[in-house]
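Please open the model in your viewer and keep the selection panel handy. We will walk through it one stop at a time.

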Amino acid sequence: MTDIQNDMDSRVDELLQEIKHELARARAKFPGDDVTMLALMEEVGELAKAAFEEPRTNVRAEAVQVAVMAMRVALDGDGTLTAWRKQKGLDPLVRADA
Ligand SMILES: [Mg+2]
């Protein structure tokens, strides 16, 4: 593996650690599956605002929060969408046994 690949792997590992840490923090602070999709959209807006107006560190922090909320949609689902999805004949966002 080249030095460039090693550096990239290291940067990816560091970012994944940040995301995992933020995921645990967010789940502890706001447990459950309430409005996770809306919270994801809120974080996307905050990322856009940071990218236009704020320092790089804030942009990175908001990007991490976007990743975390996308993960929460995948891991926890969004209870506010359950009835709507059922009405459309769609399955729940997460399995009942997940
Ligand atoms: Mg944010």
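Start by selecting Leu38, which sits in helix α2, residues 36-53 (helices are DSSP runs of H or I with at least four residues, strands are runs of E with at least two, and both are numbered from the N terminus). Before going on, note that this is a predicted model, in which local features need pLDDT of at least 70, side-chain atom pairs count only at pLDDT 80 or more, and totals for chains, interfaces and linings use all residues. Residues are numbered from 1 along each chain as its sequence is written, and side-chain values use heavy atoms, with hydrogens and water left out.

Is Leu38 buried or exposed? With a relative accessible area of 59%, Leu38 is exposed (buried means under 20%, exposed over 50%, partly exposed in between, with a 1.4 Å probe and protein chains only).

Next, the metal. Select the magnesium ion, and you will find Glu43 (OE), Glu46 (OE), Glu62 (OE) and Gln65 (OE1) coordinating it at 1.9 to 2.2 Å. Donors are N, O and S atoms within 2.8 Å of the metal (3.2 Å for Na, K and Ca); water is not among the atoms, so sites may look incomplete. Along the sequence, the donor residues are spaced E-x2-E-x15-E-x2-Q. Glu62 and Gln65 are three residues apart in helix α3, so about one helical turn separates them. Glu62 is buried, at 14% relative accessible area.

Then move inside: select Ile19, Leu23, Ala26, Val64 and Val68, the largest nonpolar core (buried Ala, Val, Leu, Ile, Met, Phe, Trp, Tyr and Cys residues joined through side-chain atoms within 4.5 Å). Helices α1 (3-29) and α3 (56-76) each supply at least two of its residues, and α1 gives the most, with three. Centre on Val68 to see its contacts (heavy atoms within 4.5 Å): leaving out residues up to four places away in sequence, Val68 touches Ile19, Glu22, Leu23 and Ala26.

Finish at Lys86 in helix α4, residues 82-87, which is exposed at 67% relative accessibility.
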